[in-house]
Amino acid sequence: MRKPKMIIFDYGQTLVNESSFDPLKGTEAVLSKACNNPSNVSKEMIQSLANELNKEIGRYGVDIDKESILEVHTHIFQKYLYEYFDIELIKPHEEVERIFANGAISSEATKNINAFLAYLKKQKIRTGVISNISFSGGLLREIISEHIPSHNFEFIIASSEYVFRKPHERIFELALRKAKLAPCDVWYCGDNGVCDVDGAGNCGIFPVWYKGAIEDRKKIVPKKECLEVMDWNELIDVLDKAK
C-alpha cells in the first residue's frame, strides 16, 4: 500500500462526533437571543417550516441517492425562514448560526483523533477537510478548533461556500486543486458510505471508511472498495506498514 502525501477528512462523525442534534433547541436559542418576534411565533412553527424547506430542497432525505448535490448556505436559509414569519434578526447571520449551533448540537472529538493527527504531523503527511454542511466555513473552522485545538488543517472546505456537496466530484476536485496533488497521492476518511467513500473513490482518491462514530453501520454501505477502520489507531498501524 502506498503512503499518502495528504489525508483529507470529513467533519461530522469523523473528526467530531455529533452525539445529538436537536434543531428545535437551536431555534429556541435563536428566538431567545437573536430575534425580535412581534407576533410571538412559536419555535415549533418555525421548525415545522424549516423541515418543509429542507424537504423541498432535498436536504436530509431518507434516500441519499435523491439528496441534492447543491448546498444551501445557512445564512440564506435563515433569511427566508425568519422573514417568512416577519421576525427580525437583531444579530448578524454569523452570530445567529452560532447561537443555533450551540443550542442544537452536542459534540466531542472522535476517539483518538487528536493522537492520530499528531502522528500525521510527525510523519509530515498533510491534512485537509471537506464537509457537507450548511453552516459557514468560519463556524465550521471554529467548531473543529474547539475540539481539535492543537492541529492546523491546510484547508477546510464547507460545501455551503462552494456550491457542491459530496459525493459530487467537483468538491473533491477543488480539494485536489488546493492541495496541488494527484488523486493517487491522497486518502479521504469519512463515515458516509456514499458521500465519502464512493465520492472519493469515484475521483481516484483512496477511500477510508471510518466507522467508529456511526450509530447504524448498515444504513449507508459503499459500493467502492475501501479500507475500513473502527479506531484511528488502526490507521496508524496501516500507515506504519505503507511504503
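Modeller: Two strands count as paired if DSSP finds at least two bridges between them. Helices (H or I, at least four residues) and strands (E, at least two) are DSSP runs, numbered from the N terminus.

Biologist: What are we looking at here?

Modeller: This is a predicted model, in which local features need pLDDT of at least 70 and side-chain atom pairs count only at pLDDT 80 or more, while totals for chains, interfaces and linings use all residues. Residues are numbered from 1 along each chain as its sequence is written, and side-chain values use heavy atoms, with hydrogens and water left out.

Biologist: How do you know that β1 pairs with β6?

Modeller: DSSP's threshold is at least two bridges, and 4 bridges join β1 to β6, running parallel. Ile8 has Gly128 as its bridge partner in β6. On β8, 4 bridges again join up with β1, also parallel, and Ile8 stands opposite Tyr188 there. Tyr188 in turn has Pro207 of β9 as bridge partner, and β8 (residues 186-190) pairs with β9 (residues 206-210) in the parallel sense over 4 bridges.

Biologist: What order do the strands take in the open sheet?

Modeller: The 6 strands go β7-β6-β1-β8-β9-β10, with parallel pairing.

Biologist: And what makes β7 and β10 edge strands?

Modeller: Each pairs on one side only. Neighbours in this sheet are turned by 20° against each other on average, ignoring direction.

Biologist: How do you know that both faces of β1 are covered?

Modeller: Met6 and Ile8 on one side, and Ile7 and Phe9 on the other, are all buried. Buried means under 20% relative accessible area, exposed over 50%, and partly exposed in between (1.4 Å probe, protein chains only).

Biologist: Why is α1 called oblique to α4?

Modeller: Helix α1 (residues 23-33) and helix α4 (residues 93-104) pack at about 135°, with axes 7 Å apart. That makes α1 oblique to α4: angles under 35 degrees count as roughly parallel, over 145 as roughly antiparallel, 65 to 115 as roughly perpendicular, and the rest as oblique. Axes are lines fitted to C-alpha atoms, for helices over the stretch in contact, with angles from 0 to 180 degrees between N-to-C directions.

Biologist: Which residues make that contact?

Modeller: Among them are Pro23, Ala29 and Val30 of α1, plus Val96, Ile99 and Phe100 of α4. By class, the contact has 7 nonpolar, 3 polar and 2 charged residues. Ala, Val, Leu, Ile, Met, Phe, Trp, Tyr, Cys and Pro count as nonpolar, Asp, Glu, Lys and Arg as charged, and the others, Gly among them, as polar.

Biologist: What makes some backbone angles stand out?

Modeller: Most residues other than glycine have a negative phi, and most peptide bonds are trans. Asp86, not a glycine, has a positive phi of about 60°, and Asn112 has one near 70°. The Lys166 to Pro167 bond is cis, with omega near 15°.

Definitions and conventions:
Contact = heavy atoms within 4.5 Å.
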